[in-house]
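Work through the following exercises with the sequence and the model at hand. Each task sentence is followed by a solution that goes step by step.

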Amino acid sequence: MADHLDSPNLTSPAMDARVDITDIYAFQKPGDINKSILILNVNPLAPTHADEFRHDARYELLIDNNADAQPDVKFSIRFSKKEDGHQFANVQRLARSNGSDGGDEDDEDVIDEAPVSFGSEPKVTTSGDYRFFAGLRSDPFFFDLVGFLHGFAFTGVDFFKDLNVFGMVLEVPNRALGPSPQVGVWAHTLVPATLQPKRLVQVDQMGRPAINTVFNHGNDKITFNGTQPADQRGLFLASFVGTLEGFGYDPTTATGIELNLVSKGAVTTDLVGPHSDYLPAFPFLGTPH
């Protein structure tokens, strides 16, 4: 799995599917080299465990411009309470000035009161150079999860082919990502702290797919989800290096890198291919099942 259910025993972080990140994507907008598409999906098995976005949570896409593993730009998404079947989203762009390490600056509201789509038709909100969608969509991830859980006995059966997620899709002008032509992208979700509801704490985060689901075990999964990328080298490097050395990964082989790692080079594919329901245009995620 990319990042679905990445707390111990295949549960959601904070025991809340609404803030459980499943995938993130970043790619150039088809046909427009001056814009990018950022996608953050949450809520595996939607809408079985949750039929809304969490209104007191914050969903953030994070951009690093200078390779210091700290966010220089944040696209922060917050939702209203779901009332009478309706929910709305607001998106802010938060940027810190060059060299600043104290708080966010240059805050900008880029999307206001965007309606959430709970049906099959995507409701898209456009504001200036930005476009936004949030709602129920087909899960774009494809993988033989059952085969993975049974010792890599892959049969090519896609566990995710009929499942849904709650997606957030943001089209942005490249200049909004910052001055660097190469950026780091990750995402996290934050919720009010227990007994301190005005303080938000990170409960899930994802950059490279499958790191937490594959390489961490037990409570280390919870620790990993609460850390920042800048801190992960110190906390997890020794463990990751030991794991990779044990796997015996061959760096000259580019095929099936992640499966190669976790199977000691014995498996390069799960026999599953991409879904056929991706849309060619915004919001790109397929119609929900």
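**Exercise 1.** State in which strand E113 is placed, and find the negative surface patch that is formed with E113.

Solution. E113 has its place in strand β6, which covers residues 105-115, where strands are DSSP runs of E with at least two residues, helices are runs of H or I with at least four residues, and both are numbered from the N terminus. This is a predicted model, in which local features need pLDDT of at least 70 and side-chain atom pairs count only at pLDDT 80 or more, whereas totals for chains, interfaces and linings use all residues. Residues are numbered from 1 along each chain as its sequence is written, and side-chain values use heavy atoms, with hydrogens and water left out. The next step is the patch: D106, D107, E108, D109, D112 and E113 form a negative surface patch, a term for residues with over 30% relative accessible area and no salt bridge, whose like charges are joined within 9 Å. Asp and Glu count as negative here, and the place of the charge is taken as CG of Asp or CD of Glu.

**Exercise 2.** Describe the salt bridges of R18 and the network of D16, R18, E52, R54 and D56.

Solution. A salt bridge requires a side-chain nitrogen of Lys or Arg within 4 Å of a carboxyl oxygen of Asp or Glu. R18 forms one with D16, with the closest N and O atoms 2.9 Å apart, and another with E52, with the closest N and O atoms 3.0 Å apart. D16 counts as buried because its relative accessibility is 9%, while E52 counts as partly exposed because its value is 22%; buried means under 20% relative accessible area, exposed over 50%, and partly exposed in between (1.4 Å probe, protein chains only). Salt bridges link D16, R18, E52, R54 and D56 in a network.

**Exercise 3.** Which parts of the chain does the pair of K35 and E171 tie together, and are these residues buried or exposed?

Solution. The side chains of K35 and E171 meet in a salt bridge at 3.1 Å, N to O. K35 lies in strand β2 and E171 in strand β9 (residues 164-173), so the pair ties together parts that are 136 residues apart in sequence. Both K35 and E171 are buried.

Conventions: Patches are made of residues with over 30% relative accessible area and no salt bridge: like charges are joined within 9 Å, nonpolar side chains (Val, Leu, Ile, Met, Phe, Trp, Tyr) within 5 Å. Accessible areas come from the Shrake-Rupley method with a 1.4 Å probe; for residues, only the protein chains shown count as cover.
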